[in-house]
Amino acid sequence: MDEVSDKELLARHAQGDPHAFGQLVTRHRERMWAVALRTLGDPEEAADALQDAFLSAFRAAGRFRGDAAVTTWLHRIVVNACLDRLRRKSIRPATPMGDEAKIDALAPKLPDPTDGHGTLLDVTAALSELPFEQRAALVLVDMLGYAVDDAAEFLDVPPGTIKSRCARGRARLAPRLAHLRNRQARGNVQDTDR
Amino acid sequence: MNPAHLDHDALADLAEGLLDDAHAASANAHLDSCAECRERSAEIAEVSRILADVPVPPMPAEVAERIEAAIAAEAMATAKVASISHHRRVRERGRKWHLRVIGAAAATLVVVGAGAFLGVELMRGSLLGSDDHTATTQPPPADRSRTAPFTVVRSGTAYRSATLGDQVTAVVPKSRSLPAADSVSERLQGCVQGITRGAKPVLVDAATYESREATIVVVPTDSATWRVVVAGPSCSADDPAVVEETTIPARTP
């Protein structure tokens, strides 16, 4: 029954329809949650960022220009809210990732808890060491499967910049995640240290 | 390392098509003859696959509800402003059609009231770790004392961004001798509980920050640090309206 377009909903909201914005939120919140959770690596931070983001979108709806898709506009707001969160927290020490409760909240228990849980831990920890720009690009393109052009629009940079951020990020993650690959690939792992 | 070997950066650039033709050709030629670099190149390719395989959990229901409540509160604030300005215009111009807008605003208020109530209840349930499932369907208990394990003081401090940490460090030790606020509004209670998330704050100070009304909430994060949150006047259970947040070394008593 959701035949109304995003743009139409946003326009109705701007005109005072009290239900239109809620529909937009319901429609897109899972996707936005994935972006925020993976970008920030912490469910509480992600929830805070997402709340900030939807409130800014609520207030800024009247300034939305129809030249971009509503989803692009929303992604931009979410990414910026994540960045704001990180800036605000920058005085704090890096998020400790050893907390089991937090890890549980980050991903559902997988059939093989040692492997799946460990992988998530390693990936989250490795991602958290990347600069925000590289992490955001990798989260969008590699983790969540967005096209480079879409990621470029969300982050408001040229597509070439996204490619180079992804490449830099992959290069930094490769040594950190090599053990995951070896674990799954084969037994005859030879260390490539020269 | 053999200077002809390719490092992770070069290999990642090659894979992403970022090297110019000459560099790409020589890199590919090297890869043809070097198993070690092929192995590294495979590592790079695997990064994308490993990242793609990490599952994303669905948004927790409480997060969805919290966001709904925050938007409902925002809608209420907007509706109030709209109805006040429309009242004014109605008086000035004597036009009746504005009443329709006021009617819409009033309808929003009702919906919002229910949403805000739900938000408070959910928060209380999660804060107290209550297993009582009836909590969300019953009206809040009259006795609020158990949900307010903090005192709001009025130190009269004019907090400033540059000196926030030092000012907090100075105020906390004398907070017990400071005048307490006569009454704590439900909004402020919800605000503080939303920030402390069940922890006992070492200071809740109704003061000013950069010359604006603000509530300074200080919560111990561990034995060594305090989290200092400056909440604006609109801070509530649903929206902390955080103006500033920082972490400072805890002052040992």
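**View 1. Strands β2 (residues 203-209) and β3 (residues 212-220) of chain B pair up in the antiparallel sense over seven bridges.** Helices (H or I, at least four residues) and strands (E, at least two) are DSSP runs, numbered from the N terminus, and two strands pair if DSSP finds at least two bridges between them. In this pair, B:Ala207 sits opposite B:Ala214 of β3(B). A word on the model itself: it is predicted, so local features need pLDDT of at least 70 and side-chain atom pairs count only at pLDDT 80 or more, while totals for chains, interfaces and linings use all residues. Residues are numbered from 1 along each chain as its sequence is written, and chains are lettered from A and ligands numbered from 1 in the order in which they are written.

**View 2. Here is the whole sheet of chain B, an open one with five strands in the order β1-β2-β3-β4-β5.** The pairing is mixed. At the edges stand β1 (158-159) and β5 (242-249) of chain B, each with a single partner strand, so one side of each has no neighbour in the sheet. Helix α7 (residues 186-196) of chain B packs on the sheet and touches β2, β3 and β4 (225-231) of chain B. Contact means that the C-beta atoms of two residues, placed from the backbone, lie within 7 Å. The direction of α7(B) makes about 40° with that of β3(B); axes are lines fitted to C-alpha atoms, for helices over the stretch in contact, and angles run from 0 to 180 degrees between N-to-C directions.

**View 3. This one shows where chain A meets chain B: 46 residues of chain A are in contact with 39 of chain B.** On the chain A side, the elements giving two or more residues are α2 (20-40), α3 (43-60), α6 (113-128), α7 and α9 (159-185). Helix α9(A) gives the most, with 14 residues.
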